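This report describes one protein chain, from a single side-chain contact up to chain totals. The sequence and model come next.

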Amino acid sequence: MSISKVALRRKPLSNGKKESLVLEFTPPILDKDTLCRVHKKHLGIYIWAKPKTEEERDYNDEMLSKAEAIRSHWVQSIINEDYGFLDKTKMKGDFLEYYRNLALAKRENSKWWGSYQHFEKFIHGHCTFEQMDVYIAKRFAEYLMTATSVRRPGVPMHTNTRASYFSTFRAVLKRAYRDRLLKENINDYLDKIEYVETKREYLTLEELKRLDATPCDIPVLRRAAIFSCFTGLRVSDIMQLEWKHIVKAPDGGWCMQIRTEKTETEATLPISEEALSYCGKRKKEGKVFEDFARGMLNAPLKRWLKRAGITKHITFHCFRHTFATLQLAMGTDLYTVSKMLTHRFISTTQIYADIMDNEKRKSANAISLK
């Protein structure tokens, strides 16, 4: 895509007496007011088609000078805004490859790869940084709202999956702008795809004890799951946890020094001796839950839960919910639970408090003499 040329054109009016002055863009530009590509822009300036008097000719000269000044302003604006101080060679780089490399680096986080796959399909396998703009970004959001699953063609995606994929896409745009590969911060012009509230399933303490006592076909899956219930760690953080991250705290206990995958938050989190026992025999280096993989989170996890007699729809992420709800049920304050979950906002943690309030209401209504 080359820089737009801006020409000043005259458009005759129906009465034949006057002409309208119009700017013509080749190729078309993005109108930030309408977020549509435009070929022409009417200036609202009119001149005499065939000036007959000195006064009409002077008027035309004045209006044409104003129109030329506006045209020059547009040319300068396009040069500054579209190209500014960016490296033109980098602008011709492959945005899709950039997206793919980021997704591969976060391959353990399935939403990154899923988001990339959908964008690759939407853009038909080709997109440079120069081509990436607000128009394409908004079109991608529209595409996601009707797209079906890549892995299961024809199966609609959940609204929260669409929201998660678009959120990831926006993270890529933010990174590319920060790396001076995009000409503008496209996110300024985008709206989020809103998440919908879903029921947060979790295990009761009795169910957790039963699951712990139930044999699992894959021992590392069992250890990682119970460890998540003890610590509230996300699956992505458990997969990245290394022995060097688990260190002695000043008080003599153990803690984890981690950088969370999702929020990129630096945190030091205490862990109990019982939680540490699920890590296995300590090694000098390497992953704590070696060989733990996302492929274990579907059928193997379901088989284990079924064997334990748990009929709730429990995913691995529900073990994080279990940690939060059990902590609050045991009297841990909301602020502490929020810090343990590495939430940026306590309002996020408040959802678990609301769950516990509902459980208390059920408990209050459980006793009845009627």
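Which backbone oxygen lies 3.0 Å from a polar atom of the side chain of Asn187? It is the backbone oxygen of Arg170. This is a predicted model, in which local features need pLDDT of at least 70 and side-chain atom pairs count only at pLDDT 80 or more, while totals for chains, interfaces and linings use all residues. Residues are numbered from 1 along each chain as its sequence is written, and side-chain values use heavy atoms, with hydrogens and water left out.

Asn187 is found in the loop between helix H6 (159-178) and helix H7 (205-212). Helices (DSSP runs of H or I, at least four residues) and strands (E, at least two) are numbered from the N terminus. Leu21, in turn, has its place in strand S2 (residues 18-31). Buried means under 20% relative accessible area, exposed over 50% and partly exposed in between, with a 1.4 Å probe and protein chains only. Contact means heavy atoms within 4.5 Å; the contacts in the table leave aside neighbours within four places in sequence.

| Residue | Relative accessible area | Contacts |
|---|---|---|
| Leu21 | 0%, buried | including Leu8, His42, Ile45, Met63 and Ala67 |

Leu21 and Ile45 are separated by 24 residues in sequence, and their C-alpha atoms are 5.6 Å apart.

**Helices**

In helix H5 (residues 134-144), the buried residues are Val134, Ile136, Ala137, Phe140, Ala141, Tyr143 and Leu144. The N-terminal end of H5 is capped by Asp133, which has a side-chain oxygen 3.3 Å from the backbone nitrogen of Tyr135.

Helix H8 (residues 219-231) and helix H12 (residues 318-329) have axes that come within 7 Å and cross at roughly 35 degrees. Axes are lines fitted to C-alpha atoms, for helices over the stretch in contact, and angles run from 0 to 180 degrees between N-to-C directions. From H8, Ala225, Ser228, Cys229, Phe230 and Thr231 meet Phe319, Arg320, Thr322 and Phe323 of H12.

**The whole chain**

The protein chain has 14 helices and six strands. Of its 370 residues, 42% count as buried. Among contacts with a separation of 6 or more, 63% are between residues 24 or more positions apart. The chain exposes about 21700 Å², of which carbon and sulfur atoms supply 52%; accessible areas come from the Shrake-Rupley method with a 1.4 Å probe.

Conventions:
Polar contact = N/O pair within 3.5 Å; in protein donor to acceptor, adjacent residues only side chain to side chain.
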